[in-house]
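Me: Can you take me through this one? I'd like to know what sits behind each label you use.

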Amino acid sequence: LVFTTFDDYEQEFKEKLDTAFEKIQIMRETSGDRKRVAREQCDRALDEAKETVNRLILEASLSRSTPSYPQLSARLEKCKAELENARKQRHDASLASMPMSNDRDELFAGHRDVAGGRYDAINMPLLTAEQRAQDTNKKLLEARATITRAEDTAHNVLAELNVQTELMYRISAKIGEIGSQVTRGGRRVRTMLSRATMQRYMLW
């Protein structure tokens, strides 16, 4: 049963990761609102993939005493590595900028000083403003990436706590079941002792 459930969660994880990679590719190829939407969709897919990994951790821990545990553990570690790789690619795609078009060079081509190979002085303020805008945009993207990493860490900690809580509930349920079995066994032993005592008195 554990193995089947693990397989189901692993398949779900792969589907979420495929969705994330699709959005990462869109982030690399677009900019503006389309890139922002793709980034949000990618983040949701990665969060869902992380939740699925937490379920895989729980299922693997429940099979720790079974022969299938080493295989499940290896598959779990592979899923973790794939998720980490996806997070890194998402970070890189978020910081990446669209390739600059040659239109800008063509726009300023008529203002170049042929002898010096420089832009005309009248266009320099425009170029400086563009560079400042690009630098500001890059810093904003880096700040967003930092915030995203902090949110990821918080989500990971919360998910791990949820896994541990659920595991504790299951262990408590098992302990309660074992306690009930011990109680029933004790009653049976006392009944057997009473019968044996009565039979001994009857024989006397």
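Me: How many residues does the protein chain have, and what share of them count as buried?

Reply: Of the 204 residues, 23% count as buried, where buried means under 20% relative accessible area, exposed over 50%, and partly exposed in between (1.4 Å probe, protein chains only). Mind that this is a predicted model: local features need pLDDT of at least 70, side-chain atom pairs count only at pLDDT 80 or more, and totals for chains, interfaces and linings use all residues. Residues are numbered from 1 along each chain as its sequence is written, and side-chain values use heavy atoms, with hydrogens and water left out.

Me: What makes aspartate 33 and arginine 36 a salt bridge?

Reply: Their side chains meet at 3.9 Å, N to O. A salt bridge needs a side-chain nitrogen of Lys or Arg within 4 Å of a carboxyl oxygen of Asp or Glu, so this pair qualifies. The two are three residues apart in helix 2, about one helical turn.

Me: What else does arginine 36 meet in a salt bridge?

Reply: Glutamate 40, at 3.3 Å, N to O. Both lie in helix 2, four residues apart.
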